Amino acid sequence: MSEKYKSNLELAKEKLDAARAASEQVLLKHIANGVEITSTNVYIDDSVAIAPGAVILPGTILRGSTVIGAGCVIGPNSLVEDSSIGAGSQINASQIYGSQIGEKNNIGPFTHVRVNTVTDYGVHLGAYVETKNSNLARGNTVSHLTYIGDSDVGKYCNFGCGTVTSNYDGTNKYRTTIGDYCFIGCNTNLIAPVTVGDGAYTAAGSTITKDVPAGDLGIARERQANISGWAKPKMEAYIAKKTKLEEEQNANG
């Protein structure tokens, strides 16, 4: 081992020790202020504000001008940057950037909240949901596999799995407006600019290109046609192949 390498290694150790000490001081400051932190596997910028009674779980990273409200549970494995999290909210295994999360929200797991997302009280953004530049009013439920971008959403709406606000045409971005008490069916594509009125439905599998008036059902599907016998010759070879494989597996124990 060269002397130069030894010197670099010692310098690196000093830097790491200093970083650990600085991080520990920040954690101790919050713990002394009534924040529950039970693991050193947490990183918090000195600029972050956390209210007493919040819980910060392992794997959490809090950066920038982030503010965490009382009674929040952040983590495990969450990153919050330059965002405010309202009192009593839970952020589980998710990332939030430049946004305002309301009180009693339930975010995650695996949610990506991008800049300029604003949520009101009691919003749920579940697994594999992504939001950006959108306002979601009180009580919205977006459980899984949905993209909401450049949108204004009224209160107590329910988004089915696979909903997409198609906000970009390759040149310009447009907004989607959804009223109160709407039900957006699974695999709905909302082609902005478009408005869904209060209390309206969209049928599952629809691509909505025109406004849906309040109280209406928007449905945009091709009529189903079944072609008799089309699959039979294709499936015979597939079934024979899998049957042979199963027989071989059974014979080999």
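I began with lysine 13, which forms a salt bridge with aspartate 17, the closest N and O atoms being 3.0 Å apart. This is a predicted model. The two residues are about one helical turn apart, because they sit four residues apart in helix H1 (residues 3-32). I noted lysine 13 as exposed at 52% relative accessibility and aspartate 17 as partly exposed at 34%.

I then looked up aspartate 46 and lysine 29, whose side chains meet in a salt bridge at 3.0 Å, N to O. This pair links distant parts of the chain, 17 residues apart: aspartate 46 is in the loop between strands S2 (43-44) and S3 (49-50), and lysine 29 is in helix H1. Aspartate 46 is exposed at 56%; lysine 29 is partly exposed at 40%.

Next I checked aspartate 150 and arginine 175, which form a salt bridge at 4.0 Å, N to O. They are 25 residues apart, each in a loop: aspartate 150 between S18 (141-149) and S19 (151-153), arginine 175 between S21 (164-166) and S22. Shared partners join Lys132, Asp150, Asp152 and Arg175 into one salt-bridge network. I recorded a count of seven salt bridges.

I turned to aspartate 180, in the loop between S22 (176-178) and S23 (183-184). Its side chain reaches the backbone nitrogen of lysine 155 at 2.9 Å. The C-alpha atoms of aspartate 180 and glycine 154 are separated by 4.2 Å, though the residues are 26 apart along the chain.

Last, I found a nonpolar surface patch of about 410 Å², made by Phe183, Tyr201, Leu217 and Ile219. Tyrosine 201 is partly exposed at 44%.

Definitions and conventions: Residues are numbered from 1 along each chain as its sequence is written. This is a predicted model: local features need pLDDT of at least 70, side-chain atom pairs count only at pLDDT 80 or more; totals for chains, interfaces and linings use all residues. Side-chain values use heavy atoms; hydrogens and water are left out. Patches are made of residues with over 30% relative accessible area and no salt bridge: like charges are joined within 9 Å, nonpolar side chains (Val, Leu, Ile, Met, Phe, Trp, Tyr) within 5 Å. Accessible areas come from the Shrake-Rupley method with a 1.4 Å probe; for residues, only the protein chains shown count as cover. Buried means under 20% relative accessible area, exposed over 50%, partly exposed in between (1.4 Å probe, protein chains only). A polar contact is a pair of N or O atoms within 3.5 Å; within protein, one must be able to donate a hydrogen and the other to accept it, and residues adjacent in sequence count only if both atoms are side-chain atoms.
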